[in-house]
Amino acid sequence: MKNLVVLISGNGSNLQAIIDACQKQNITAKISAVFSDNPTAYGLERAKQASIPTVVMPKADYVDNQTYDASLMTELAQYQPDLIVLAGYMRILTPRFVSHYLGKIINIHPSLLPKYPGLNTHRKALANGDKEHGTSIHFVTEKLDAGPIILQAKVPIFVEDQPQDIIARVQTQEHRIYPLVINWFVEGRLVMVNNSAFLDGCKLPEQGYASDED
């Protein structure tokens, strides 16, 4: 059985969706560990409740990102991850780390990439009068939020919406599609080759998998 390691920084709602999917065998893999750079992240409690080992590496304990990621790589090696899943992980990974695990790191980002990389995506969508927003799952490369997109999900934006309304709508979709994509990888259906995502041997288009069917 393949090993997943999940990296978190906060509440861990996507982590919970992944835990639930593993327990239901919708993901045919094991979460070997949950790592966090934030000692107070509630996601750590979610992991403990599911009897998953946790590793806490506070950012304040390291002089810079390079030192942090060197230690992170050492700690991760003990769990032999087949896939590293970023689920609300707020640190930017160093090029050395990304290169070491290239093709084995995926991230979920709350926007329809390439639109709105970085933070505060929901507020940006509202401020710009967008009619839709969404979430993107992508392979991680050295450039922030710019790796090949695997799958996106769209949600509407209504006139009366506040950021929290959009967040709730987006998270509902995230909890549905992240386990799906993880299982594609686990089953060997999903790979990254030459900075492109391939599913079942077919190169995915720029905006990722584009079918109504799972």
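1. Helix H1 (residues 13-23) is largely enclosed by the rest of the structure, because eight of its eleven residues are buried. Buried here means under 20% relative accessible area, exposed means over 50%, and partly exposed lies in between (1.4 Å probe, protein chains only). Helices (H or I, at least four residues) and strands (E, at least two) are DSSP runs, numbered from the N terminus.

2. This is a predicted model, in which local features need pLDDT of at least 70 and side-chain atom pairs count only at pLDDT 80 or more, whereas totals for chains, interfaces and linings use all residues. Residues are numbered from 1 along each chain as its sequence is written, and side-chain values use heavy atoms, with hydrogens and water left out.

3. The buried residues of H1 are Ser13, Asn14, Leu15, Ala17, Ile18, Ile19, Ala21 and Cys22. Their cover includes strands S1 (2-8), S2 (29-36), S4 (83-86) and S5 (105-109), together with helices H2 (42-49) and H6 (163-186). Just after H1, Gln25 adopts a positive phi of about 65°.

4. Thr135 belongs to strand S6 (residues 132-139). Thr135 counts as buried because its relative accessibility is 0%. Leaving aside neighbours within four places in sequence, its contacts (heavy atoms within 4.5 Å) include Ile108, Pro110, Leu151, Val170 and Ile177.

5. Which side chain makes a polar contact with the side chain of Thr135? The partner is Glu174, at 3.1 Å. A polar contact is a pair of N or O atoms within 3.5 Å; within protein, one must be able to donate a hydrogen and the other to accept it, and residues adjacent in sequence count only if both atoms are side-chain atoms. A polar atom of the Thr135 side chain also lies 3.1 Å from the backbone oxygen of His109.

6. An open sheet is formed by three strands in the order S8-S9-S10, with antiparallel pairing. Strands S8 (190-193) and S10 (202-203) stand at the edges, each with a single partner strand, so one side of each has no neighbour in the sheet. Two strands pair if DSSP finds at least two bridges between them; S8 and S9 (residues 196-199) are joined by four bridges in the antiparallel sense. Leu190 stands opposite Leu199 in S9.

7. The loop between S9 and S10 contains Asp200. Asp200 counts as partly exposed, because its relative accessibility is 47%. A separation of 22 Å lies between the C-alpha atoms of Asp200 and Glu174, which are 26 residues apart along the chain.
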